[in-house]
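Try each task before you read its solution.

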Amino acid sequence: MARRLIPTLNRVLVEKIIPPSKTTAGILLPESSTKLNSGKVVAVGPGARDRSGNVVPVCVKEGDTVLLPEYGGTQVKLGEKEFHLFRDEDILGTLHD
C-alpha cells in the first residue's frame with residue numbers, strides 16, 4: 001500500500017474540504033448554504049512539457065486552497081483518506097482569505 005502519492009506531469013492532488021453540516025451551537029445547516037466546492041492542494045507534479053520541450057510549471061503550490069469544478073478529477077483512496085487528482089488546467093482558481 002502506498003503511503004504517499006506524487007503526481008506526474010501537470011496533475012494536482014487535492015483533498016476536498018467538506019464544509020461543516022452544523023454550527024458550534026448544534027444548529028443544522030442546509031446543504032445549499034455550504035455549496036462551495038473547494039479543496040486543499042496536497043501535492044503537485046513538476047509540470048508538463050510544451051512543444052519545444054520546455055517544462056511549463058503548475059500554477060498552484062502545496063497548501064493552496066483551490067476552487068474545483070463540480071465534476072471531474074480522478075478519485076484516489078490512500079489508506080483511510082480520499083483524494084482527487086485534477087489536471088492543472090481543470091482547477092478554476094485559488095481561494096484567499
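**Exercise 1. Find where Leu-9 sits, and decide whether Leu-9 is buried, partly exposed or exposed.**

Step 1: Leu-9 is placed in the segment before strand S1 (11-16). Strands here are DSSP runs of E with at least two residues, numbered from the N terminus. This is a predicted model, where local features need pLDDT of at least 70, side-chain atom pairs count only at pLDDT 80 or more, and totals for chains, interfaces and linings use all residues. Residues are numbered from 1 along each chain as its sequence is written, and side-chain values use heavy atoms, with hydrogens and water left out.

Step 2: Buried means under 20% relative accessible area, exposed over 50%, and partly exposed in between (1.4 Å probe, protein chains only). Leu-9 has a relative accessible area of 44%, so Leu-9 is partly exposed.

Step 3: Look at the backbone too: the phi of Leu-9 is near 50°, a positive value in a residue other than glycine.

**Exercise 2. Work out the order of the strands in the open sheet.**

Step 1: Six strands form the open sheet, in the order S6-S7-S1-S2-S5-S8, with antiparallel pairing. Two strands pair if DSSP finds at least two bridges between them.

Step 2: Strand S6 (74-78) and strand S8 (93-95) are the edge strands, as each pairs on one side only.

Step 3: Now zoom in on one pair: S1 and S7 run antiparallel and are joined by four bridges. Leu-13 stands opposite Leu-85 in S7.

**Exercise 3. Is His-84 buried or exposed, and which residues does His-84 touch?**

Step 1: His-84 belongs to strand S7 (residues 81-87).

Step 2: The relative accessibility of His-84 is 13%, so His-84 counts as buried.

Step 3: Contact means heavy atoms within 4.5 Å. Not counting residues up to four places away in sequence, His-84 touches Val-12, Leu-13, Val-14, Lys-16, Thr-74 and Gln-75.

**Exercise 4. Describe where Leu-67 lies and what Leu-67 contacts.**

Step 1: Leu-67 is found in strand S5 (residues 65-67).

Step 2: With a relative accessible area of 25%, Leu-67 is partly exposed.

Step 3: Leaving aside neighbours within four places in sequence, the contacts of Leu-67 are Leu-36, Asn-37, Ile-91, Leu-92, Gly-93 and Leu-95.

Step 4: Compare sequence with space: Leu-67 and Lys-16 are 51 residues apart in sequence and 9.8 Å apart in space, C-alpha to C-alpha.
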